[in-house]
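Subject: Structure handover

Hello,

As promised, here is the structure for you to look through. Please open it first and then read my notes alongside it.

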Amino acid sequence: MSNILIVTAHPSEKNLTRGITDIFLTQKEAQGHKVEIVDLYKDKQLPYLAYATNSDMATLSDEQKYYQDKIVWADEIVIVYPFWWGTMPAILKNWIDSVLTMGFAAKYGANGRPVGLLEGKSVRIFSTSGAPTFIYCLNGIRRANKKIWKQTIVEFCGMKFEGYHLFGGMDTKGKNIEKMFKSVKKIANK
């Protein structure tokens, strides 16, 4: 069985991010997997990187070490967040910048090319948006975000990219929410 780390990034207690997280957790635990949740708004807070901090990543904070230990523990990392202003919330981007440090997640080899240090792990992304998914398909935003996650974060760190799932049309009327939750359940049961 696998160790699964779910990282969520939504400031509200009642949100679709939490719904996706709960479904994925329930399905995976029923299959015998161990699942831990990191809620970036409730768990250990990472300060935004300052220039002095960023230039000396050899000195890690206790919070950075805490999250890196969670990543080491995990076989699979699931990231769940709302799609805001065409990308992830700032708290999630800061987590990536602060935790996936050079020397931990990747390094540059003798030839100057990146070498991922987190091999054997997989990553799956879930994101929700009020705007319909087809809008992001037409304007290329979905493809661009998937490529950023896949190539410049996940594969750069040596991990396997399992998928980018953008669920659009999640408006206040809730007409697409049950359909989304069924999709998440199906993905979790693969």
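First, the ground rules. This is a predicted model, in which local features need pLDDT of at least 70 and side-chain atom pairs count only at pLDDT 80 or more, while totals for chains, interfaces and linings use all residues. Residues are numbered from 1 along each chain as its sequence is written, and side-chain values use heavy atoms, with hydrogens and water left out.

The sheet

The model has an open sheet of 5 strands in the order β2-β1-β3-β6-β7, with parallel pairing. Strands (E, at least two residues) and helices (H or I, at least four) are DSSP runs numbered from the N terminus, and two strands pair if DSSP finds at least two bridges between them. β2 (34-39) and β7 (160-167) stand at the edges with a single partner strand each, so one side of each has no neighbour in the sheet. On average, neighbouring strands are turned by 15° against each other, direction ignored. Angles are taken between axes, which are lines fitted to C-alpha atoms (for helices over the stretch in contact), and run from 0 to 180 degrees between N-to-C directions.

Further in, the parallel strands β1 (residues 3-8) and β3 (residues 76-82) are joined by 5 bridges. Val-7 stands opposite Ile-79 in β3. Helix α1 (residues 16-30) lies across β1, β2, β3 and β6 (122-128), and runs at about 155° to β3.

The salt bridges

How many salt bridges does a search of the whole structure find? There are 7, counting a side-chain nitrogen of Lys or Arg within 4 Å of a carboxyl oxygen of Asp or Glu. Here are some of them, with burial given by relative accessible area: buried is under 20%, exposed over 50%, and partly exposed in between (1.4 Å probe, protein chains only).

- Lys-42 and Glu-13 have their closest N and O atoms 2.7 Å apart. Lys-42 is in the loop between β2 and α2 (51-55) and Glu-13 in the loop between β1 and α1, so this pair ties together parts 29 residues apart in sequence. Lys-42 counts as exposed, at 57%, and Glu-13 counts as exposed at 57% too.
- Lys-70 and Glu-36 meet at 2.5 Å, N to O. This pair joins helix α3 (residues 62-73), which holds Lys-70, to strand β2, which holds Glu-36, and so ties together parts 34 residues apart in sequence. Lys-70 is buried at 17%, whereas Glu-36 is partly exposed at 27%.
- Glu-162 and Arg-124 meet at 4.0 Å, N to O. With Glu-162 in strand β7 and Arg-124 in strand β6, the pair ties together parts 38 residues apart in sequence. Glu-162 is partly exposed at 29%, and Arg-124 is buried at 11%.

Tyr-41, Trp-84 and Trp-85 form a nonpolar patch on the surface, with about 430 Å² of accessible area together. Trp-85 lies in the loop between β3 and α4 (90-99) and is exposed at 88%.

By contrast, α4 is mostly covered, with 7 of its 10 residues buried. Among them are Ile-91, Leu-92, Trp-95 and Val-99. The buried residues of α4 pack against β1, α3, β3 and α6 (141-154), contact meaning heavy atoms within 4.5 Å.

Definitions and conventions:
Patches are made of residues with over 30% relative accessible area and no salt bridge: like charges are joined within 9 Å, nonpolar side chains (Val, Leu, Ile, Met, Phe, Trp, Tyr) within 5 Å. Accessible areas come from the Shrake-Rupley method with a 1.4 Å probe; for residues, only the protein chains shown count as cover.
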